[in-house]
Number of protein chains: 2
Amino acid sequence: MARLVQKFGGTSVANLERMEAVAERVKRAYDAGDEVAVVVSAMAGETDRLCAHVEAVGPLYDAREYDVVVASGEQVSAGVFALVLQRAGVPARSWQGWQVPVKTDGAHGKARIVAIDTGELNRRMAGREVPVVCGFQGIGPDHRITTLGRGGSDTSAVALAAALRADRCDIYTDVDGVYTCDPRIVGKARKLDKITFEEMLEMASLGAKVLQTRAVELAMKEGVRLQVLSSFTDVPGTLVVGEDEVLEQEVISGVTYSRDEAKITLVRVPDRPGVAAGIFGPLAEANINVDMIVQNVAAESATTDLTFTVREADLERAVAVISQHRDRIGYADLRSDANVVKVSVIGVGMRSHAGVAQRMFSTLAEKGINIQVISTSEIKVSVLIEEIYTELALRALHTAYGLDAT
Amino acid sequence: MARLVQKFGGTSVANLERMEAVAERVKRAYDAGDEVAVVVSAMAGETDRLCAHVEAVGPLYDAREYDVVVASGEQVSAGVFALVLQRAGVPARSWQGWQVPVKTDGAHGKARIVAIDTGELNRRMAGREVPVVCGFQGIGPDHRITTLGRGGSDTSAVALAAALRADRCDIYTDVDGVYTCDPRIVGKARKLDKITFEEMLEMASLGAKVLQTRAVELAMKEGVRLQVLSSFTDVPGTLVVGEDEVLEQEVISGVTYSRDEAKITLVRVPDRPGVAAGIFGPLAEANINVDMIVQNVAAESATTDLTFTVREADLERAVAVISQHRDRIGYADLRSDANVVKVSVIGVGMRSHAGVAQRMFSTLAEKGINIQVISTSEIKVSVLIEEIYTELALRALHTAYGLDAT
């Protein structure tokens with residue numbers, strides 16, 4: 001007997017037919033004697049529809065009322081799913097964020113969970129009832145409905161699993177796990193049985209949109225064992241766990257990429273203290289995130305070339321901000337390029353293995369791919385390359401690190 | 001300066017354009033210094049859509065979860081309307097039933113309001129904020145969302161007006177008031193400036209679907225002055241008030257009709273004690289409402305003919321129930337007829353005026369219309385006639401009682 005939190009995303013509860021299918025998963029665990037709590041997202045498309053109502057009123061809206069409107073999507077799916085479970089013979093009851101309550105801070109539209117009162121849920125579960133909790137929702141210190149930001153239901157599920165001291169939090173979604181690379185590009189990509197929280201965090205933030213970054217962070221902090229698996233097939237998914245649970249750690253767990261990158265190079269920037277602050281200060285003020293930064297010191301002059309990357313959507317604004325400050329920065333030329341992709345290899349194993357970065361560089365060199373920018377962290381090596389080489393680079397790296405399925 | 005409750009129905013908040021139009025009405029009162037609380041229904045069509053989600057799961061559903069699902073319609077309209085008011089320059093805040101709270105009994109799906117805690121609303125209104133309260137919703141003793149039954153938002157508005165001790169409760173709808181007769185049939189029908197609660201109750205239950213019966217009952221009990229008026233035009237509506245406020249009472253306020261009637265005649269029923277109970281007992285057990293009843297004593301025999309009316313939708317079931325008990329009742333023949341209409345004249349003035357019923361009978365006789373059944377109450381005379389005479393009877397009576405517009 002285990003205590004489980006099962007979270008179903010929007011596509012898993014998109015219509016009655018799908019709800020009936022996933023209800024069978026709840027029923028199976030329930031009938032096996034497990035204590036199950038369910039977390040649901042809004043039915044696919046509903047949150048967009050509700051947002052459109054709010055945005056139609058005007059661009060600057062009161063986040064408190066936004067929360068009231070969009071939270072209704074989960075209200076409906078939780079109510080209907082409770083009915084579907086009841087019809088399948090599973091005693092179920094829906095719970096709104098304010099009913100549990102899921103207490104959050106007052107940051108309407110992007111609230112953070114502060115505490116979950118599980119007293120009543122525990123009593124119900126002990127009485128063999130399945131709570132169907134609305135994801136995404138909470139209640140703020142102002143006694144009003146809050147929401148956690150788009151995709152926040154993963155975070156709701158993990159927070160609930162932590163509060164209920166659940167044995168596992170199963171995130172049911174439309175993919176069946178975490179892969180060594182995007183299977184649409186690398187045919188030999190393998191599904192991972194296990195991955196560490198740290199690796200998953202890098203994966204999530206690099207574009208493998210399987211799990212919300214916040215949810216993984218919270219799971220890591222609270223020690224919640226996560227499983228990502230498909231609502232639509234019956235195969236095991238990928239377990240996201242602490243490093244201690246991964247016995248035979250591969251050096252590299254996956255190769256990821258992000259096309260949402262753009263590069264800006266400032267040519268012949270004066271090489272003096274404070275110049276970096278003069279560039280990145282205004283960008284930060286404009287709320288533009290800078291990712292990779294590289295500075296090439298020119299030996300024979302008092303200037304340097306400075307290259308950095310921003311999100312592609314921010315490129316135009318970033319160029320405008322820099323141009324405004326041209327006199328103060330004093331660069332000779334500004335070059336920008338959106339035809340770039342960031343490719344990364346990720347693995348906690350690289351902490352104890354040398355030569356991981358070198359293998360990446362030599363593999364790309366063999367294929368004649370030029371590396372424009374490099375950045376590294378403890379468990380990740382990222383390079384910026386020309387976008388047309390994306391598929392070639394991913395396949396070559398996947399093979400080079402021994403990740404190909406046999 | 002007055003304190004007003006303004007209630008907007010589903011068609012008045014059906015889309016952003018309409019919301020913006022009705023927001024101007026709130027703004028006008030607010031800018032004039034009135035204290036305004038708003039009650040909204042779900043956007044037109046939404047409650048049906050939400051009900052369909054519930055009904056799709058199965059015919060026998062848990063009313064608690066039904067309430068969770070359908071209450072979301074008002075949640076959305078209240079949130080969006082608060083945003084629309086804010087944008088129009090009116091400080092506004094949405095309120096869910098559980099937030100106010102609007103306390104109800106535990107009869108999910110058809111709950112009754114027990115108490116409304118107006119402390120916080122009063123504070124907000126004193127601070128020049130307009131509360132936008134979800135109609136239809138409440139919270140039950142089980143700390144779960146309840147709903148008041150279809151059309152319950154009128155009742156929400158009246159209950160709120162009573163709790164807030166409002167000077168008036170304005171029900172904005174898609175008709176501009178209460179008419180002396182259905183204007184689609186009687187071209188000379190006039191809009192009434194005032195009508196008493198008692199008359200309005202008879203009107204409402206007889207098919208002039210302007211106001212919910214429960215809402216009128218509550219307004220009468222609590223002494224809430226009601227006004228029915230159009231969201232779409234700027235003309236004054238009809239005031240529904242106590243009898244003391246109507247100075248120059250017409251004898252008859254209106255002529256109404258209901259086509260949803262069917263007649264059953266039992267021929268030669270034994271004329272002995274207990275026979276009526278033997279007939280109407282089984283009908284009551286089958287939850288069939290009997291309206292008019294007439295018994296013709298046949299002088300020369302020990303039998304009587306008994307005629308009564310039921311709703312047209314109940315006719316088949318009623319005939320089946322009676323037929324089952326034929327032996328016990330002992331009638332010679334059962335005749336049923338759905339081609340009948342009930343026409344009524346309504347007016348508190350008839351309490352102090354003789355000859356009201358007689359004028360009705362003679363007017364119909366002049367037009368050659370046969371009266372099948374008669375029933376009377378203190379402020380109403382109803383007759384059952386053949387359905388094809390509906391228009392003729394309504395127009396003739398409207399003229400005979402001096403109701404025609406000049």
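Close-up 1. A residue counts as buried if 20 or more other C-beta atoms, placed from the backbone, lie within 10 Å of its own, and as exposed if 12 or fewer do. Helices (H or I, at least four residues) and strands (E, at least two) are DSSP runs, numbered from the N terminus. Just after α9(A), A:Asn287 takes a positive phi of about 65 degrees.

**Close-up 2. The loop that holds A:Arg184.** A:Arg184 is placed between β9 (168-173) and β10 (194-196) of chain A, in a loop. With 9 other C-beta atoms within 10 Å, A:Arg184 is exposed. Its C-alpha atom is separated by 39 Å from that of A:Gly281, 97 residues apart along the chain.

**Close-up 3. The side of chain A that touches chain B.** Here 26 residues of chain A are in contact (C-beta atoms, placed from the backbone, within 7 Å) with 26 residues of chain B. The elements of chain A giving two or more residues to this side are α2 (46-57), α3 (63-70) and α4 (72-87). The largest share, 11 residues, comes from α4(A).

**Conventions.** Residues are numbered from 1 along each chain as its sequence is written, and chains are lettered from A and ligands numbered from 1 in the order in which they are written. For this predicted model, local features need pLDDT of at least 70 and side-chain atom pairs count only at pLDDT 80 or more, whereas totals for chains, interfaces and linings use all residues.

Definitions and conventions:
Two residues are in contact if their C-beta atoms, placed from the backbone, lie within 7 Å.
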